[in-house]
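Welcome! Have a look at the model below, then work through the exercises one step at a time.

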Amino acid sequence: MGNRGIRRRVILILSVFATLLLLLWGVYHQMAYREISRSTQENIRLSADYLLIQVENEFEELTQIASLLAGSTEIRSFLKSEDVADFYAQAGAASSFISEAMPSEATVDGMITFDNDGNYFRFIGGMSNSACETLLNSWHDGNRFDYSVVTLDGTPFFCHMAEVTDNKNGPSLGVVAVLN
C-alpha cells in the first residue's frame, strides 16, 4: 500500500481539487458575465436617454429661435418688401435684430428666410444656392414640416421651419428656416 496508495490518494485529491477549481471558475465566470451584461445594458440605456435629451434640447432651441424670428417686426418688414432691392435693403435691419436677439449660447449653423416669391436670404451659414432652393422647393411643394433632418450640400442638419404671417391669422409672408 505504500507508494501506490499514496499515489492514488494524491491523484484523487488533485482530481477533486481540479474539479472544484473548474466548478468555482465556471460559477465566477457566469456571475461576471451577468454583471458585465447588466452594466452594459444600463450604460446603453443611459447613453440613449442622454442622446434623446440632447436632441430634444436641440429641437427646443431651434423652435424658440424660429418662433422669435418669425414673430419679429423686423423679419415681417423684411419679408413684406415689394421689390428685390427693398428686400435686400431691409436685410440690414433684420440682420441687426438677429444679431441682438440670438442667444449667445445658440448653436445655429444656418438661418434663411424665404418670401412667397421665392426670394431667400441667408443670415447665418454658407449653404449653396442649390441647397437653399432645395429647402424652398420642399416648402412650396407642400412638404411643410416643422421639424426635419435635411441634408444640404452633403451635410445633415436638424431643421425647423416657422411660417411668418402678418398677424396671427393673416396671410403668409414667408418662412424662417433655422438649421443646426
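**Exercise 1.** How many of the 8 residues of strand β5 (residues 172-179) are buried?

*Solution.* This is a predicted model, where local features need pLDDT of at least 70, side-chain atom pairs count only at pLDDT 80 or more, and totals for chains, interfaces and linings use all residues. Residues are numbered from 1 along each chain as its sequence is written, and side-chain values use heavy atoms, with hydrogens and water left out. Strands are DSSP runs of E with at least two residues, and helices are runs of H or I with at least four, numbered from the N terminus. Buried means under 20% relative accessible area, exposed over 50%, and partly exposed in between (1.4 Å probe, protein chains only). In β5, 7 residues are buried, which leaves the strand mostly covered.

**Exercise 2.** Find the strands that pair with β5.

*Solution.* Two strands pair if DSSP finds at least two bridges between them. Start with β1 (residues 110-115): this strand and β5 are antiparallel over 6 bridges, and G110 stands opposite L179. Next take β4 (residues 155-165), antiparallel to β5 over 7 bridges. Here C159 has L179 as its bridge partner. Finally, follow the chain from β4 to β5: a hairpin of 6 residues joins them.

**Exercise 3.** Is Q30 buried or partly exposed?

*Solution.* First locate Q30 in helix α1 (residues 2-70). Its relative accessibility is 37%, so Q30 counts as partly exposed. To finish, compare positions: Q30 and N137 are 107 residues apart along the chain, and their C-alpha atoms are separated by 58 Å.
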